[in-house]
Amino acid sequence: MLPRLGSHRWRSPKLQLLGLILLGLVLEVLLHQYYYHVPRPSEDLDAVFQVGCAEPDTRAPRENAAIIMLARNEDLESALTSLQSLEDHFNRWFNYPVVFMNNEPFSADFKARVSAVVSGETVFEQLSSDSFGFPSWMDNAQGRELVRANGALGVHKGDMESYHHMCRFYSGKFYDVPALQRYKWYWRVEPHVQFSCAITYDPFRLMRERGKKYGYTVSLWELGNTVPELFRAVSEFKAMKRIATSNLWKGFVRPTWMPWGLRWIKATQPLHDAAGDSWNLCHFWSNFEIGDLDFFRSEAHREFFEFLDHKGGFYAERWGDASVHALAAALLLKPEELHHFEDFGYFHDPWVVAPANAAGKQLPDSEVLGPVGKNVVEGEEGGSGCRCERKQIRNFQNWCMNRVQRPVRPTAWPNRMWGDWKG
């Protein structure tokens with residue numbers, strides 16, 4: 001009778017110990033993955049503010065809010081395009097003020113022409129060098145050398161000094177601009193953007209009433225070579241301040257499959273934190289955002305920005321304000337305090353997002369809205385838009401939208417088991 005080959009080997013205490021160690025490591029890795037699991041909400045915590053059209057309430061009190069635009073004099077024509085689109089689709093009914101910001105004096109022509117388009121008050125603010133420039137602790141020559149080095153590495157817009165300044169400004173300086181001190185809410189509008197759906201309600205009022213702090217339209221992947229050390233810095237701040245891990249934060253993390261004891265290998269790589277976990281690079285596209293200035297002015301957010309600013313990554317790398325805002329929200333806000341404006345049609349090259357129009361809710365006989373335009377598409381069941389003029393959708397990176405909405409929206413989950421394997 002032949003002996004059972006190898007059966008005696010497992011009687012060896014050394015092999016049994018090795019087996020237990022391997023089993024323990026596997027269990028530890030699985031527990032680590034489970035720790036970053038986001039529980040599925042039982043109800044939608046971020047419903048659309050309004051489905052379809054409604055008669056704009058032109059007599060209701062306005063919120064303490066302003067539309068803001070950072071623009072140069074040479075941006076005049078593209079600024080006019082954006083402003084006219086916003087007026088046509090929203091502000092002609094609500095007449096909110098627009099605060100224009102520039103690091104140089106606005107020309108008389110710029111002021112006159114944008115004021116002729118905007119239905120509300122126009123305010124013009126020249127930014128200080130502290131707000132739009134290198135930080136006081138950084139030598140200007142050193143900063144310019146860092147910018148030049150980014151360009152040499154092929155970082156997108158890495159060689160544009162003004163772009164670095166803009167990213168730093170919108171990450172942590174814009175909310176202290178003197179002209180904005182009297183406002184609680186802001187709506188950021190950029191030159192070169194267009195809106196394609198009628199917005200017949202006041203988003204500032206709904207943000208306040210629903211307890212929202214930050215609103216966005218698009219979520220997509222960041223360019224990794226612009227932010228190699230940003231996630232490590234944010235995670236360091238999180239650990240230093242002992243900030244609890246929320247479900248929203250988990251939505252931005254890709255936990256490592258590396259077993260304990262070997263995670264230091266991952267921790268040495270870009271886009272990873274000291275524990276070896278990585279950022280999935282999802283972020284909100286901040287060229288559109290509606291937010292609560294009290295959140296950005298809070299002590300917690302000020303400390304967050306100052307910590308990042310002194311890391312020097314706005315110039316040593318090219319940390320973008322979109323990523324900084326997204327990670328700040330993930331760190332400091334509750335999931336239900338974010339709002340996805342999925343009913344807003346929005347274009348900023350190269351992405352177009354446009355919802356389907358709500359069936360039977362386009363108000364064709366409204367005297368306030370006027371006649372339905374020829375370019376307005378037919379309504380569909382399940383649609384949310386009001387008189388949207390496009391159906392083209394080029395924001396194909398839906399995986400990021402799934403991740404950031406997972407803590408609040410049951411429909412963000414896949415219908416099949418293990419369907420979102422990338423998470």
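**Figure 1. Strand 2 and its pairing with strand 1 in a predicted model.** In strand 2, Val-99 is the bridge partner of Ile-68, and the two strands, which run parallel, are joined by 4 bridges; strands are taken to pair if DSSP finds at least two bridges between them. Strand 1 covers residues 65-70, and strands here are DSSP runs (E, at least two residues), as helices are (H or I, at least four residues), both numbered from the N terminus. The model is predicted, so that local features need pLDDT of at least 70 and side-chain atom pairs count only at pLDDT 80 or more, while totals for chains, interfaces and linings use all residues. Residues are numbered from 1 along each chain as its sequence is written, and side-chain values use heavy atoms, with hydrogens and water left out.

**Figure 2. The two sides of strand 1.** Strand 1 is mostly covered, since 6 of its 6 residues are buried, where buried means under 20% relative accessible area, exposed over 50% and partly exposed in between (1.4 Å probe, protein chains only). In a regular strand the side chains alternate between the two faces of the sheet. From strand 1, Ala-65, Ile-67 and Met-69 point one way, whereas Ala-66, Ile-68 and Leu-70 point the other way, and all are buried.

Figure 3. With strand 11 (residues 289-292), strand 4 pairs in the antiparallel sense over 4 bridges, and here Trp-187 stands opposite Ile-290.

Figure 4. The UniProt record, an unreviewed entry, places the feature "active site" at Glu-289; UniProt positions are given in the numbering used here, feature names are shortened, and annotations may be inferred rather than shown by experiment. Glu-289 has its place in strand 11 and counts as buried because its relative accessibility is 0%. Leaving aside residues up to four places away in sequence, Glu-289 touches Tyr-186, Trp-187, Arg-188, Tyr-214, Gly-215 and His-325, a contact being defined by heavy atoms within 4.5 Å.

**Figure 5. The largest pocket and its lining.** The largest pocket holds about 1,100 Å³ of space, and of the 41 residues that line it, the closest to its centre are Lys-157, Tyr-163, Met-166, Glu-190 and His-348. Two or more lining residues come from each of strand 2 (98-102), helix 5 (161-172), strand 7 (219-221) and helix 13 (321-332), and helix 5 gives the most, with 6 residues. On a 1 Å grid over the protein atoms alone, a pocket is an open set of points with protein on both sides within 12 Å along at least five of seven lines, a cavity is a set of points where a 1.4 Å probe fits but cannot get out, and lining residues have an atom within 4 Å of a point. By class, the pocket lining has 17 nonpolar, 13 polar and 11 charged residues.

**Figure 6. The largest cavity.** The structure holds 1 cavity of 30 Å³ or more, and the largest cavity has about 50 Å³ of space. Its lining consists of Asp-46, Tyr-216, Phe-284, Pro-335, Leu-338, His-339, His-340, Val-404 and Val-408, with the largest share, 3 residues, coming from strand 12 (residues 338-340).

**Figure 7. Pro-407 in the segment after helix 14.** Pro-407 lies in the segment that follows helix 14 (398-405), and it counts as buried because its relative accessible area is 7%. Apart from residues up to four places away in sequence, Pro-407 touches Val-38, Pro-41, Leu-45, Asn-247, Leu-248 and Pro-335. The C-alpha atoms of Pro-407 and His-339 are separated by 12 Å, and these residues are 68 residues apart along the chain.

Methods
Grid points are joined across faces, edges and corners, and a volume is the space filled by probe spheres set on the points. Ala, Val, Leu, Ile, Met, Phe, Trp, Tyr, Cys and Pro count as nonpolar, Asp, Glu, Lys and Arg as charged, and the others, Gly among them, as polar.
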